[in-house]
Amino acid sequence: MASRKENKKTDLIKCIGLFLFVCGAFMLIYNYSMKVRLNEDNNLKIEEFLENDTNEEIEITEEDTQEETTTSNVSSYNYIAVLEIPSINLKRGLVDPSSKYNNVNYNIQIINKSTMPDVVNGNLVLASHNGASYISFFRNLDKLNINDKIYVYYGGYKYIYSLSKTYDTPKDGNIEVYRDNSKTTITLITCKKNSKDTQVVYIGYLDSKEFY
């Protein structure tokens with residue numbers, strides 16, 4: 001009798017283990033497939049943006065919300081700018097701040113009250129997730145070194161920034177940005193790895209701009 005109970009217990013443990021393994025494998029495959037689809041979609045939109053960009057912002061076009069939720073997680077929108085950080089192989093478009101897709105759960109988010117690169121002494125503040133998810137576009141920011149280049153393509157110009165400093169700040173809903181207000185700035189924000197209550201802020205200053 002005891003032997004039967006032990007066998008049932010062992011079988012149950014095996015079933016639970018198999019179920020967890022299948023769930024884990026499914027999530028890995030799902031994340032990978034979504035990452036591939038997002039990268040393909042992103043690359044296509046970047047090509048379109050760089051070919052058609054003028055000194056005016058591109059108007060966003062959004063498909064019907066119901067159709068989006070029933071067909072694909074890769075949504076239909078255009079970019080108004082492109083962020084590129086060559087040292088970590090990041091090149092990702094930015095959507096209009098008024099779009100619902102300007103959100104860390106979809107894209108790199110342009111934070112409210114940011115200014116675009118053409119505003120002298122302004123600050124373009126961007127945020128994104130840091131982790132293993134397919135939407136964790138800032139997962140490799142911790143590999144950046146001081147003086148690494150950050151590019152923003154916007155309004156027919158390539159804005160070239162150099163990373164000046166990084167610092168930690170509490171994750172409490174408010175971000176203190178410490179920068180030189182006499183310089184045109186880009187600020188990147190993401191969660192600190194292996195921490196639930198800390199964010200990392202990356203400050204870069206504009207060196208120059210050129211046509212592309």
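This is a predicted model: local features need pLDDT of at least 70, side-chain atom pairs count only at pLDDT 80 or more; totals for chains, interfaces and linings use all residues.
Strands here are DSSP runs of E with at least two residues, helices are runs of H or I with at least four, both numbered from the N terminus, and two strands pair if DSSP finds at least two bridges between them.

Of its 212 residues, 40% are buried (under 20% relative accessible area, 1.4 Å probe, protein chains only). Contacts (heavy atoms within 4.5 Å) that join residues at least 24 apart account for 61% of those between residues at least 6 apart in sequence.

The largest pocket holds about 300 Å³ of space, and of its 13 lining residues, Asn39, Asn89, Leu90, Lys91 and Arg139 are the closest to its centre. Two or more lining residues come from each of α1 (2-52) and β2, with α1 giving the largest share, four residues. By type, the lining comprises four nonpolar, five polar and four charged residues.

Local features need pLDDT of at least 70 and side-chain atom pairs pLDDT 80 or more, while totals for chains, interfaces and linings use all residues. Residues are numbered from 1 along each chain as its sequence is written, and side-chain values use heavy atoms, without hydrogens and water.

Notes. Buried means under 20% relative accessible area, exposed over 50%, partly exposed in between (1.4 Å probe, protein chains only). On a 1 Å grid over the protein atoms alone, a cavity is a set of points where a 1.4 Å probe fits but cannot get out, and a pocket is an open set with protein on both sides within 12 Å along at least five of seven lines; lining residues have an atom within 4 Å of a point. Grid points are joined across faces, edges and corners, and a volume is the space filled by probe spheres set on the points. Ala, Val, Leu, Ile, Met, Phe, Trp, Tyr, Cys and Pro count as nonpolar, Asp, Glu, Lys and Arg as charged, and the others, Gly among them, as polar.
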